[in-house]
Amino acid sequence: MKKIEAVIKPFKLDEVRESLSEIGVNGLTVTEVKGFGRQKGHTELYRGAEYVVDFLPKIKIELVVADDMVEPAIEAIIKAAHTGKIGDGKIFVTNVEQVLRIRTGETGESAV
């Protein structure tokens, strides 16, 4: 099993969720986060005063999938989140040692 973490632009969340749903991903966790990459934030004007926004709002999506679902899930995220502009986001894939469903005690892929 693998854990996929994707950091995307907030307005792309619904498209990514729908894209993952279409390939059979039935659970994910969404967190509102802030951060920056190469764009290093930006300058905004508010009531005549200029200020720097260092951390940009992003959405972090986390899901755990079976090994054979990793590539389809990554492709679904890329297809839905891609705008071609700076700040489209990143995808991280890590190994998952164990999963345990608290309610039923199921472990492994059946707990996902």
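Lys 3 counts as partly exposed in this predicted model, its relative accessibility being 27%. The side chain of Lys 3 meets that of Glu 62 in a salt bridge, with an N to O distance of 3.0 Å. This pair joins distant parts of the chain, since Lys 3 belongs to strand 1 (residues 2-8) and Glu 62 to strand 5 (residues 56-65), 59 residues apart. Glu 62 has a relative accessible area of 18% and is therefore classed as buried, the limit for that class being under 20%.

Lys 12 is buried, at 9% relative accessibility, whereas Glu 15, with a relative accessible area of 38%, is partly exposed. In the other, Arg 101 forms a salt bridge with Glu 106, and the closest N and O atoms are 2.9 Å apart. Both partners of this pair are partly exposed, Glu 106 at 30% relative accessibility and Arg 101 with a relative accessible area of 27%.

Glu 15 also takes part in the contact between helix 1 and helix 2. The axes of helix 1 (residues 13-22) and helix 2 (residues 70-81) come within 8 Å of each other and cross at roughly 150°, and the crossing is right-handed. On the side of helix 1, the contact is made by Glu 15, Val 16, Ser 19, Leu 20 and Glu 22, which meet Ala 73, Ala 76, Ile 77, Lys 79, Ala 80 and Ala 81 of helix 2. By residue type, this contact comprises seven nonpolar residues, one polar residue and three charged residues.

Ala 81, a helix 2 residue in that contact, is also among the residues touched by Asp 88. Asp 88 is located in the loop between helix 2 and strand 6 (89-95), and at 16% relative accessibility it counts as buried. The side chain of Asp 88 makes a polar contact with the side chain of Thr 83, at 2.4 Å. When residues up to four places away in sequence are not counted, Asp 88 touches Val 7, Ile 8 and Lys 9, together with Ala 81, His 82 and Thr 83.

Key
Residues numbered from 1 in each chain as written. Predicted model: local features only at pLDDT ≥ 70, side-chain atom pairs only at ≥ 80, totals over all residues. Heavy atoms only, no water. Salt bridge = Lys/Arg side-chain N within 4 Å of Asp/Glu carboxyl O. Helix = DSSP H or I, 4+ residues; strand = E, 2+ residues; numbered from the N terminus. Buried < 20%, exposed > 50% of the residue type's maximum accessible area, 1.4 Å probe, protein only. Axes fitted to C-alpha atoms, helices over the stretch in contact; angles between N-to-C directions. Left-handed = near helix turned anticlockwise from the far one by under 90°. Contact = heavy atoms within 4.5 Å. Nonpolar A, V, L, I, M, F, W, Y, C, P; charged D, E, K, R; others polar. Polar contact = N/O pair within 3.5 Å; in protein donor to acceptor, adjacent residues only side chain to side chain.
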